[in-house]
Amino acid sequence: MIEIRTAVFIAGFGVLLTGCDDALLRPDASTEPETLSEAYIDWWLQADLKEREFDGRIEERLLERLGRPIHQARAELGRLLFFDPIISLTGDNSCSGCHGPNSAFNDGNSIAIGVQNNGVVGLGRRGPHNQRRAPTVVNAVFYPSLMWDSRFEALSLDPFDNSGGFAFPDPEGLSLSGMDHLLGAQAFTPVVARVEMAGFEFVGDHDAMRAEVLRRVVDVVQYRSRFADAFEVIEAGGEIRYEHLAAAIAEFEFTLVRADAPLDRYVRGDLSALSYDEKAGGRLFFDEAMCAECHIVRGYANQMFSDFEAHVLAVPQVVPAFGNKPFDGAGDEDYGLEQHTGRSSDRYKFRTSPLRNVAYQPTFMHNGAYVCLSEAVRHHLNVYKMVEGYSQEALDVGLQGSPGPYAAMLDRATGLIAQPQILSELEISQIIAFVAKSLADPDAHPDQLRSLIPLSVPSGLPVHEFEYGEARAECSI
Ligand code: HEC
Ligand code: HEC
């Protein structure tokens, strides 16, 4: 094994050591993991990343994968639609209400608040809670499947390739496969979700809901001219269809690629892009701590740190005091993938979270059970301790009721996390440093995304109030 890695290292990174006779030797590894030399870790990590086909160039490949440049007028139309409450039948919510730039396009809350909200996006958002946290849309262009149970799926395993079909739960089924990209297909769904954007008053099926949203949008003169600028067929006199609206939103999401993190620079050859602790944490992440058994980068994972499979992590159940979506079991559980497949063997399974830019998230896991990244990492290392000692004190007041039961969940916890891992505090802090810093693209910082908020939107409806700089939880490592 060592020979193979050395060979890979020399082929790929020999240039770093040119002129040095020691290039053929494996740098000295001391026996104590806490005192591994930096040269050794560089050698190990560079070779390991190469073996995993992680080249730090996924961001550059966007246009190649898309097969064309970004269509600027379409992306701009998509941005306005993303922020405009006109696409909610209730008129009070937009995509940005749950995927706010002030939270790096994540949820500002542990569990999303959809219709009947108070217009605020951030910790001050109030209204009935739904069931899960909105994950970020940043980099979602590279995900082969979407949602916490991966229920929206490119059957080719490539979101840019609709040839195998895009599978959605009924009633949509495979009917959205005509869209060029999985995100275009996804944009058909939030507007028909009653708890998110549609509300409970409108009478009609999904198609009727979309037709009504489209009717309202097309009624706005500015939108009509923007659709003509964005789509040739419309300019040539063709009618505006929901497909166009969805494709415009997807085009905006294509511009939300932020995948040039320190780890990408490091693997491209800048050894100073990571600190010693981040490198040591990276080694643990990919080796002893086995994080990369699930948070994978190779192949269809597109260097996103997820296998896009669902596992039982036994995250504490968080139940809203005031919600508008029924929970499972006695009313205080989320059965995860089972909701979609109906199989009890899928109970409590949730998709492995992609980890890029995770440091910019206000809360963690499918239900925001943790407000500190360090707790989300520690959950994996000693699930019993974390679940049994869990308190939801740090969450929004509306989520502080008694948590759902956990014994059945712990019984099913996946083998990989069912055993506590024996790591020193220093090692744990290094893993946290790796996840928090090496994977964070500075351009995904909420401050860098602020300029995407439009001052006004074509419908004339109020743009939400995005809280910036509000107090977040104090987190210790
Ligand atoms: C009420 C809050 C809410 C609104 C409004 C909303 N979303 Fe979401 N979004 C969510 C939640 C919650 C999930 C995860 C749901 C699940 O997995 O069951 C999600 C998931 C997604 C995902 C999948 C991300 C991933 O990691 O798989 C994308 C993409 C997305 N939303 C885009 C949009 C777009 C585009 C709009 C507007 C048309 C929108 N959302 C409106 C809450 C919202
Ligand atoms: C068995 C597969 C598996 C392994 C091994 C694993 N994870 Fe996870 N990880 C998951 C799943 C699944 C989730 C989401 C669980 C949920 O929300 O219910 C997750 C969530 C996370 C999150 C929270 C991200 C977010 O968006 O909220 C972090 C951080 C994380 N993992 C880091 C790690 C680290 C560090 C390791 C190694 C110590 C690791 N994971 C090992 C499957 C795994």
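Visitor: Why is the pairing of arginine 298 with glutamate 53 called a salt bridge?

Guide: A salt bridge needs a side-chain nitrogen of Lys or Arg within 4 Å of a carboxyl oxygen of Asp or Glu. For arginine 298 and glutamate 53, the closest N and O atoms are 3.5 Å apart. Between domain 1 and domain 3 the count is three salt bridges.

Visitor: How do you know where the values come from?

Guide: The model is predicted: local features need pLDDT of at least 70, side-chain atom pairs count only at pLDDT 80 or more, and totals for chains, interfaces and linings use all residues. Residues are numbered from 1 along each chain, chains are lettered from A and ligands numbered from 1 as written, and side-chain values use heavy atoms, without hydrogens and water.

Visitor: What makes up the domains?

Guide: Residues 5-60 form domain 1, 63-257 domain 2 and 261-442 domain 3. These bounds come from an automatic or database domain assignment.

Visitor: Which contact does histidine 99 make with ligand 1?

Guide: A polar contact is a pair of N or O atoms within 3.5 Å; within protein, one must be able to donate a hydrogen and the other to accept it, and residues adjacent in sequence count only if both atoms are side-chain atoms. An N or O atom in the side chain of histidine 99 is 2.9 Å from a nitrogen atom of ligand 1. Arginine 151 has a polar side-chain atom 3.0 Å from an oxygen atom of ligand 1.
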